[in-house]
Amino acid sequence: MPRLTIDGKEIEVEAGTNLIEAARRLGIEVPHYCYHPGLSIAGQCRLCMVDIEKTPRPSIACNTPAADGMVVHTQTERVKDMRRSMMEFHLINHPLDCPVCDQAGECWLQIYYMQHGLYDPRMLDEKVHKPKAVPLGPHVMLDAERCILCSRCVRFCDEITGTGELGIFGRGDHSEIGLFPGQDLENNYSGNVVDICPVGALTDRDFRFRVRVWYLDTTKSICPGCARGCNVEVHVNRKRPHHAEGRRVARLKPRFNDAVNAWWICDVGRYGFDAVDDPSRIRFARRGDAEVELDEALNALLDALRRHTPAEIAILASPDLANEDLFALRRLTETLGIRQVAFGVPPAAPTPAADDFLLRADRHPNTRGAETILPAGDAAAILAAARAGRVKVLWVFQHDLLAAGWSAAETRQALERVDTLVFSGTNDNATSALATLVLPLAAWVERDGTFTNFLGRVQRFRAAVEPLGEALAAWDLLGRLLGPLGVPPAGARAELWFRELATTVSAFAGLTYQSIGDGGAMLAGAPPTTAPEPPGRRAPAPA
Amino acid sequence: MKTGQRFYLREVLAGLVLTGHHFFANMGKHIAHALGRKDARGAVTIQYPEERRPYSPRLRSLHRLVRREDGSPRCVACMMCETVCPARCIYIVADEHPNPEIEKMPSRFDIDLGKCVFCGFCVEACPEDAIRMDTGILEFSSYSRLGMIYTKEMLLALEPAGPDGVPRSPVPIPADRTV
């Protein structure tokens, strides 16, 4: 293991670590554009120059592996001078249209220029003009003028997705990023090129012009789009509600987690948050068609649960619920002795398919958690019992049973046969329209909780915005039912419910919110995970 | 207080003498001025609003949005003014401009003058010189809060004040004002 000195501090790193990473570990930032830890090394931007003792000239830190006894200086006058010159080169043809650029505020050209810029430009000639506002695909917009040709996006399409849509065309200062003829940037990971673009050349068409980035608050969260549970950051706009047509969630950005998704997320998850601010959101409890106070609806539900024998009550939980919710539900079913509990509902045709990298066919974030916490049940059998008139109270969480992979006519028959159909969910759907009692649930960005991904990794997500109307997290809703039934609820915070879950369900034993942390923790007995190998890095399949 | 000031009648008479002196002196000066003695200047009443005091050229008056040659706003909805505004009285919603060279424009640009503190930061922050406070208009009262909100169209229609500081556009009268 090489031991080297950077700016007077010593560090020992694994062989093969480059100087940028070694410096990062010491808290020293070496400015760079083209280097990305998830991609191959290009050495395009020449900004990461550092001085190494006993070498005549500064060398690029991204392509210099740490060697034993190396003495590196990142702040010498020569290095600073070089950065200034490189910034001048990068900005020669840059249009400086920061006022209209969506990247402004999180742009590495801006950041490094403030640190190392040559504030008095020497460029007198007319700048080279290139195409602006060119849509590359459904999600990405290109502004070729702003591009500094770091080639991160090109390498991403070559090495991560393996689709190779992008290339650099032209020579000299006329080179520009572009699509190969006849291609569109349409792969399921295209949104990532926006994240890795250090400047405003690639911007997100969905996010474009909606909110300025400095108005956004960020919260660490988990993508609820599929069973993978990619780590994301939720960017919400609370400061300027008139922007973005009142959408509170502005965008999702991937959050690095080596064990799950590395640096990437797929477009299905990235753009899959529309339901949160959709007009179909359920804000208040409903009884029949009339909006009622939440307490009144809860009392009506309590009444129905008390009036019927456990054999007449069935609950269809959802794999979209968090572990805490499912545990509270388990408490309720144990208290009342309800046996008819299930959570899995087959998706309607065409059934969603997995892709070759992160996206899973199971589009629910917590199927593994539901399998672990709830007893195995058969949703189809519950519906059959309802159709036969044996179920008087059916409580459905989140699912739209009429849009499931069952015969809609038979399902409708079953739902209409039930005396009290209770629906609790975040958004209205065909099932909630049939329900006699509707209870609002908080969406995943409005509450704390944990999901268990398909490999058994328990990961926390956090509240980013306030719940709409009277919506509650499901554990809270269930806790308010448990109190009158004589069972003290575990507490007024998701964390307390999780603590009780950990003491009750053996697979969760020993886990706490602290031990889960930002990276997640494995269920007892589940082997540790790593992020899957990107398709672009795999050996090609034999022809 | 001096002893003499304790006598009521004496003080009242002294006051009358002072007022009377100013009254007759001013009357004489105004008559002289009216008869052609232009150097005779008495105390002046300015006949506002027909007449106005000269304002400083640096006066910060009602905002206006500067237009391009085609009449569209010069504003590119960069949100600098909205960000810098200490009163948070600017509401901008951005939209795509059909011309990719311009790219961005405001679909909505409202200033709530009921909140505005006339600090002029928006003018200083603007990178496009698209907002100015040089209309010379100071009269924008309203009977309702809604009447204090000036929309993009209202702000675009305003002209800068003339060289004498007199407003060149009519004072925008909110719809709710009848007098």
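Tutor: Start with a cut-off: a residue is buried if 20 or more other C-beta atoms lie within 10 Å of its own, exposed if 12 or fewer, and partly exposed in between. Keep in mind that this is a predicted model.

Student: Why is S151(A) called buried?

Tutor: S151(A) has 22 other C-beta atoms within 10 Å. The cut-off is 20 or more, so S151(A) is buried. S151(A) lies in the loop between β7 (140-142) and α4 (152-160) of chain A.

Student: What makes the phi of S151(A) worth a remark?

Tutor: Most residues other than glycine have a negative phi. S151(A) is not a glycine, yet its phi is positive, near 70°.

Student: Why is R281(A) called partly exposed?

Tutor: R281(A) has 19 other C-beta atoms within 10 Å. R281(A) is in the loop between α6 (267-270) and β14 (286-287) of chain A.

Student: What does R281(A) touch, leaving out residues up to four places away in sequence?

Tutor: R281(A) touches T426(A), N427(A) and L468(A). As for G425(A), its C-alpha is 8.7 Å from that of R281(A), while the two residues are 144 apart in sequence.

Student: Why is α10(A) called oblique to α11(A)?

Tutor: Helix α10 (residues 379-387) and helix α11 (residues 408-417) of chain A pack at an angle of about 60°, with their axes 7 Å apart. Roughly parallel needs an angle under 35 degrees and roughly perpendicular runs from 65 to 115, so the pair is oblique. The crossing of α10(A) past α11(A) is left-handed.

Student: Which residues make that contact between α10(A) and α11(A)?

Tutor: From α10(A) come L383(A), A386(A) and R387(A), and from α11(A) come E410(A), T411(A), Q413(A), A414(A) and R417(A). By class, the residues of this contact are three nonpolar, two polar and three charged.

Student: What makes the peptide bond between A349(A) and P350(A) cis?

Tutor: Its omega is about -5°, and the bond is cis. Most peptide bonds are trans. P350(A) is found in the loop between β17 (340-342) and α9 (367-373) of chain A.

Student: How many residues of chain A are in contact with chain B?

Tutor: Nine residues of chain A are in contact with 16 residues of chain B. The side of chain A that touches chain B has five nonpolar, two polar and two charged residues.

Student: What are the domains of chain B?

Tutor: Chain B is divided into domain 1 (3-34) and domain 2 (64-157). Taken over C-alpha atoms, the centres of these two domains are separated by 52 Å.

How values were computed. Residues numbered from 1 in each chain as written. Chains lettered and ligands numbered in written order. Predicted model: local features only at pLDDT ≥ 70, side-chain atom pairs only at ≥ 80, totals over all residues. Helix = DSSP H or I, 4+ residues; strand = E, 2+ residues; numbered from the N terminus. Contact = placed C-beta atoms within 7 Å. Axes fitted to C-alpha atoms, helices over the stretch in contact; angles between N-to-C directions. Parallel < 35°, antiparallel > 145°, perpendicular 65-115°, else oblique. Left-handed = near helix turned anticlockwise from the far one by under 90°. Nonpolar A, V, L, I, M, F, W, Y, C, P; charged D, E, K, R; others polar. Domains from an automatic or database assignment.
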